[in-house]
Amino acid sequence: MVAMDSNMETLTTQSRKTNFSIAAIMSGLQARETETKIDIIKDDSSDNLPPLDKVIKKEKKSKISETSNCEELDNISCNLDNKELWDKFCEFGTEMIITRTGRRMFPTVRVTFADLEQEAGAKYHVLLDIPPCDNKRYRYAYHRSSWLVAGKADPAPPHRLHNHPDGPFTVEQLKKQVIGFEKVKITNNESDNSGQIILNSMHKFQ
């Protein structure tokens with residue numbers, strides 16, 4: 001994702017060495033290329049136009065890692081429930097305007113878990129992290145309709161993990177229900193004391 005403030009901000013995705021980053025969840029455990037074929041009907045009424053057959057668009061292949069940052073969680077699979085929507089946003093580049101008061105992110109992060117082992121009394125917290133993709137700051141070039149590097153990244157704001165408010169969860173709960181982060185808010189206000197995730201404007205995140 002790329003993050004933009006009231007003036008402009010955005011959020012973009014890339015990979016991180018954990019099964020539970022947004023990039024890894026979106027891509028699944030095996031990155032693959034998919035092709036979308038769009039058929040275009042030729043218009044015989046116009047003899048001056050060149051014939052049109054079909055256009056093929058290829059999605060970019062995502063790089064992921066199949067290891068997590070915790071050996072005890074390596075066997076657990078985490079899947080993005082609304083992956084199709086995230087794929088569409090990723091194809092065009094996810095952007096989001098954020099403000100000092102905080103805004104809810106869209107698409108929302110909705111995940112499901114599998115391959116969990118039942119342990120007596122074991123409960124799990126589910127946390128959301130939005131780390132930066134790189135150490136660069138960006139600006140939008142309207143004449144090129146693209147984001148360009150504008151220099152080094154700003155100093156990182158206070159780092160926060162968003163703990164799902166309904167946790168901790170039992171294994172049975174994680175197996176049966178979708179865990180959604182619809183209520184999480186993102187802000188660029190470094191003085192925020194309401195628990196929102198703080199991100200820098202005009203930077204890319206994953």
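**Salt bridges and a sheet**

Arg160 is partly exposed, with a relative accessible area of 24%. That label has cut-offs: buried means under 20% relative accessible area, exposed over 50%, and partly exposed in between, using a 1.4 Å probe and protein chains only.

A quick word on the source. This is a predicted model, in which local features need pLDDT of at least 70 and side-chain atom pairs count only at pLDDT 80 or more, while totals for chains, interfaces and linings use all residues. Residues are numbered from 1 along each chain as its sequence is written, and side-chain values use heavy atoms, with hydrogens and water left out.

Now, which residue forms a salt bridge with Arg160? Asp192 does, and the closest N and O atoms are 2.8 Å apart. A salt bridge here is a side-chain nitrogen of Lys or Arg within 4 Å of a carboxyl oxygen of Asp or Glu. The pair links distant parts of the chain, 32 residues apart. Asp192 sits in the loop between β15 and β16, and Arg160 in the loop between β11 and β12. Strands (E, at least two residues) and helices (H or I, at least four) are DSSP runs, numbered from the N terminus. Asp192 is buried, at 9% relative accessible area.

By that rule, the count is five salt bridges. Next one: Arg110 with Glu182, closest N and O atoms 2.8 Å apart. Arg110 lies in strand β7 and Glu182 in the loop between β14 and β15, so this pair ties together parts 72 residues apart in sequence. Arg110 is partly exposed at 27%, and Glu182 is partly exposed at 32%. Asp81 joins in too: Asp81, Arg110 and Glu182 are linked in a network of salt bridges.

Then there is Lys83 with Asp87, at 2.7 Å between the closest N and O atoms. Why are these two about one helical turn apart? Because they are four residues apart in helix α2, residues 83-92. Lys83 is partly exposed at 22%, and Asp87 is partly exposed at 21%.

Last, the sheet. It is open, with three strands in the order β6-β15-β16 and mixed pairing. β6 and β16 stand at the edges with a single partner strand each, so one side of each has no neighbour in the sheet. Two strands pair if DSSP finds at least two bridges between them. β15 and β16 run parallel, joined by two bridges. Thr187 stands opposite Ile198 in β16.
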